[in-house]
Amino acid sequence: MPAKPSIYEAEHEDFRTTCRTFIEREIVPFHDQWEKDGIVPRELWTKAGAAGLLCFDVDEEYGGPGIKDFRFNAVFHEELARAGCSGPGFFVHTDIIVPYISHLGTEEQKQRWLPGTVSGETITAVAMTEPAAGSDLQGIQTRAVLSEDGSHYILNGSKTFISNGINADLVIVVCKTDPEAGANGISLLVVERGMEGFERGRNLDKVGLKAQDTAELSFTDVRVPVENRLGDEGSGFISLMTLLPQERISVASIAVAAIEAVLDLSLEYARTRKAFGKPIGRFQTMSFDLAEMATDAYIARLFINDAITQLNAGTADTVLASMAKWWTTELQKRTVDKGVQIHGGYGYMMEYPIAKAFVDSRIQTIYGGTTEIQKLIISRFLGL
């Protein structure tokens, strides 16, 4: 079997050892309980911060290491996938939300918020999706109106499916500040824990990702200081589109890590499980499935390596990110389904890692923009 194509250097492999040690010590022994609890304890976040596992790209003056290299993010994804630890919402925090503050924040905002995000004392979430609006951000109904003295926005609305929603200390809320202006009327406001009128609803009971808290949020006449607006008023939609490539490549990276982990699980099972006196992997049908899975994993690794390389170089555009996101996540679904079939009845038992991989994988083609949305974006750039 050919060696896995790699874009990693010695420093990334050293970091992998750090990640693996942390996961084995601080996550694996407790993850089953967190799945039952529906949430990861806040102490894990501060432990991750102390270990240098959060917000790699935050500049040194704000407490971060200032490493602008997404390969470190990908290594962490791979190690969490290898261990079957889908509970910690670290990637949402590090890969998706904190970069909004780093890219759009004023100097005062960065000084106020970023050090806590690096240490794990400040957990973040982004509130886009609403009960009646998902991938179509222009359809959101959450509204923010300036107060008479212009010092605050009065925020009203509700959000759902918000990752890290229960634990979050800062929530970047996507809202309309000018409903008549379409995409140019969307702004980003940072709501902080404890603001009057900001309420958390249920910790949602999901099919998978059981240990990752996902909440309903509501905002009733929340007074958000103008100083908590990220970027200019009305620039929210453009800001979201600018930073979406990293989010989608992040999801794709997780998908490829999961594909490889499932391949390893399936190969191990096929080599050790016997039927009719021989390992099941020696039966042609089974061996062909595994051959397909191995080929797919190799192609997916080449794809994500290129996407990460382009992301680091600043050349990853919306089309590449959409291609990577939909293709790898759909492949993840197919691969995990084959893995369950290879495991037979055991693949349907939650005590087996393949079953957990199966239920955890289903969200991948939905969040971060559905497969259908990704294909729509690509088709538009094709001139269709």
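In this predicted model, helices H1 and H4 cross with a right-handed sense. H1 spans residues 10–26 and H4 spans residues 70–82. Their axes come within 9 Å and cross at roughly 40 degrees. On the H1 side, the contact is made by Glu11, His12, Phe15, Arg16, Cys19, Arg20, Ile23 and Glu24. H4 contributes Arg71, Phe72, Val75, Phe76, Glu78, Glu79, Leu80 and Arg82. By class, the contact holds eight charged, seven nonpolar and one polar residue.

H4 also takes part in the packing of helix H8. H8 covers residues 284–313, 30 residues in total. The distance from its first C-alpha to its last is 44 Å, close to the 44 Å expected at 1.5 Å a residue. The buried residues of H8 are Met286, Leu290, Met293, Ala294, Ala297, Ala300, Arg301, Ile304, Asn305, Ala307, Ile308 and Leu311. These buried residues pack against H4, helix H7 (236–272) and helix H9 (318–343). Gly314 follows H8 and has a positive phi, near 80 degrees.

Attention turns to a strand residue. Thr214 is found in strand S7, which runs over residues 214–225. Thr214 counts as buried because its relative accessibility is 6%, with the cut-off set at under 20%. A polar atom of the Thr214 side chain lies 3.2 Å from the backbone oxygen of Gln212. Beyond its neighbours within four places in sequence, Thr214 is in contact with Phe161, Ile162 and Ser163, and with Arg202, Asn203, Leu204 and Lys206.

Methods
Residues are numbered from 1 along each chain as its sequence is written. This is a predicted model: local features need pLDDT of at least 70, side-chain atom pairs count only at pLDDT 80 or more; totals for chains, interfaces and linings use all residues. Side-chain values use heavy atoms; hydrogens and water are left out. Axes are lines fitted to C-alpha atoms, for helices over the stretch in contact, and angles run from 0 to 180 degrees between N-to-C directions. Helices (H or I, at least four residues) and strands (E, at least two) are DSSP runs, numbered from the N terminus. A crossing is left-handed if the near helix is turned anticlockwise from the far one by less than a right angle, and right-handed if clockwise. Contact means heavy atoms within 4.5 Å. Ala, Val, Leu, Ile, Met, Phe, Trp, Tyr, Cys and Pro count as nonpolar, Asp, Glu, Lys and Arg as charged, and the others, Gly among them, as polar. The expected span of a helix is 1.5 Å times one less than its number of residues. Buried means under 20% relative accessible area, exposed over 50%, partly exposed in between (1.4 Å probe, protein chains only). A polar contact is a pair of N or O atoms within 3.5 Å; within protein, one must be able to donate a hydrogen and the other to accept it, and residues adjacent in sequence count only if both atoms are side-chain atoms.
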